[in-house]
Amino acid sequence: MSTATEKQSLSTSLIASIDLAQFSFANEQRTKAFEAFKTIGLPEPKNEEYKFTPVTRSLSKHFSASELSKPTDANESVKSLLNPEFSENRVVFVNGMYSKTLSTITSDSKVTVQSLNEALASNPSLLFDQLNTTDPFALLNSTLWSDGLYINVPKNIEEQKPLFIHHLHDASSEKVSAHTKLFITVGESASLQIIEKTDTQGNQPVFNTISEDIIVGENGAVNYCKIQNDAGQLIQVANTTIHQHRASRADTYTLTLNGQLIRNNLNIIIDGEGCESHFYGLYLSDGDTLVDNHTTVDHKKPNSFSNELYKGLMDGKSKGVFNGKIYVRPHAQKTNAFQSNRNLLLSDDATVNTKPQLEIWADDVKCSHGCTTGQLDEEALFYLQSRGIPKATAKAMLLYAFAAEVMETIKNEQLKNYIDSIVSERLHKSY
Amino acid sequence: MLKINNIHARVEEKAILNGINLEIKPGEVHAIMGPNGSGKSTLASVLAGREDFEVTEGSIEFLGKDLLEMSPEDRAREGVFLAFQYPVEIPGVSTVNFMKTALNKIREYRGQDTLDAVSFLSLMKEKIELVEIDKALLNRSLNEGFSGGEKKRNEIFQMAMLEPKLAILDETDSGLDIDALRIVANGVNKLRTKDNATIVVTHYQRLLEYIVPDYVHVLYKGKIVKSGTKELALELEAKGYDWIKSEMEVA
């Protein structure tokens, strides 16, 4: 009972401590977002969408309301977290603030990368659609965001170089509360590849929300990869919404290897005919990490295809949560929508909660879903051992093979090799 | 090479092997026959080190070492090979990578240099021809979607690659048509030398027409109740296992 009171009190005191006067831009949107946030507050234990993922309890444990509501100063002593693999075409945020010195956007690119607050000045209605959400952390992000980017790929531009967006958190001396926003538009017949990564240094708690909206124009394509591999104590809620127009394509990869509490809300809105969407997830958790992937694919128009594959390996006392919603609206005939979630529990204390949720109003569709949770196949392990392979190596081989099904779908070779190297290292080291 | 001395084994509370004695010398082929449930596959599993079976009594000596003390991987590295009755399907691991890892782990254990890619591939090529297996199969996920015959042929290919001193073929003939049986048996025969030994576990005499044993042992209720030469297999085929059962009950 006392915990319930604490949570309510954090929500109430957070609302009381938020001072919108500290922000100099997007005030109209902030006011609206804040009003909406006030009515719902931080999620309570019984909140259906957060019942396995106690973000509020975690926040109460590590933060006071004023620590959450005030942005942390940027600190650029985080260079060691940068990836040499992705040094070109890089956008860097440090504790939620855009860092011009660490970013390396080349001017020859036809892709516009602009500060979101500047973009808002010329187009004040830019973010209003983001307010149509009931996710408390999306609203909190819209209330508290300190910096952001507007990225635009003009019509017919097929950008070959991936854009690397790196969110760095320096928690070596102070707690961090960092909130960033991305608004990305991919024009008609244009394409963009995005690699987004978060990294944390230091052991102070970090609370981070990232909200991003990606709009893919007719016949356009976006390829989006999120890599979460944070040391330290990161509590993160990411909201990613992809709006697909006619005949567009979206490929997403959500790869979570570390962090304390990670919640990803991925929403795909298929608002045109002939779209194709592939979304993949891979989560490898250990210790007391909690990784929660909530995905929604909303088929609003006919003749589209979506395929989802999320796989998890959970060790130690870690927890996995998967919730996959598929909506097929009444007009969305001839939809093909497939979903699969597969988990391996590697210890007696690891758990997973998985829930597919299909709501289908159209009658001429092909949809399927499946989820499995199991343990490493002892018979397969014995088979490998019986050929002279030590048990630890045999285990690593089987786990790697499990993860490889997702990694093999990554088309960018450099990215694939990078992911492969961190996953391989992780699996050999821990098992 | 192998000395099995009074082995008793059980799975959970059920006793399956009740005192097996068997000695195998280099170059010999021994067939273990017996009705269903007599303990044939259990014996094969106990030799390979499957953990489901608990040895409650007896000892097994392999090349002068205590086999029961060894992990399954160490048994393989010492030269024991079990061709599985039901080879396991492993998605995401190709036979090629699997064999490369296995071979190099065995070589490391024996203090040999690991094979580089070129020598590995040329060794593989040689063995592919020996056991007549489709090369394309080996690049696919291990046994995944293989036919029964392909799986068994893959077992023999692995055996050829690892060159064991003692090969145990656990019902390798089950589920094979006559052509597949002949190919698998040919592979086994080509791998025979004066230094290695083979245990053929089978229910039927048919396989023994192709892999000719020096000795035939009949297992019944967890014990070897009859031993003889290859003629014993023919006699069994003619009289059926009921002959053994009634003889045992009379005794």
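The following legends describe several close-up views of a predicted model. Because the model is predicted, local features are described at a pLDDT of at least 70, side-chain atom pairs count at pLDDT 80 or more, and totals for chains, interfaces and linings use all residues. Residues are numbered from 1 along each chain as its sequence is written, and chains are lettered from A in the order in which they are written.

**View 1. The fold of chain A.** Chain A has nine helices and 19 strands, where helices (H or I, at least four residues) and strands (E, at least two) are DSSP runs numbered from the N terminus. Its C-alpha trace spans about 70 × 50 × 45 Å along the principal axes.

View 2. An automatic or database domain assignment gives domain 1 (2-271) and domain 2 (377-431) of chain A. Nine residues from domain 1 of chain A and eight residues from domain 2 of chain A take part in the contact, where two residues are in contact if their C-beta atoms, placed from the backbone, lie within 7 Å. On the domain 1 side, strand E7 (191-201), strand E9 (221-229) and strand E11 (249-258) of chain A each give two or more residues, and E11(A) gives the most, with three residues.

**View 3. The side of chain B that touches chain A.** In this view, 19 residues of chain B are in contact with 17 residues of chain A. Helix H2 (72-78), strand E7 (90-94), helix H3 (95-109) and helix H6 (148-162) of chain B each supply at least two residues of this side of chain B.

**View 4. Two residues with a positive phi.** Most residues other than glycine have a negative phi. A:Asn89, which is not a glycine, has a positive phi of about 55°, and A:Asn89 lies in the loop between helix H4 (65-69) and strand E1 (90-94) of chain A. A:Asn89 counts as buried because 20 C-beta neighbours lie inside 10 Å; the cut-offs are 20 or more other C-beta atoms within 10 Å for buried, 12 or fewer for exposed, and partly exposed in between, with C-beta atoms placed from the backbone. B:Glu12 also has a positive phi, near 50°, and lies in the loop between strand E1 (2-11) and strand E2 (14-24) of chain B, but B:Glu12 counts as exposed because it has 7 C-beta neighbours inside 10 Å.
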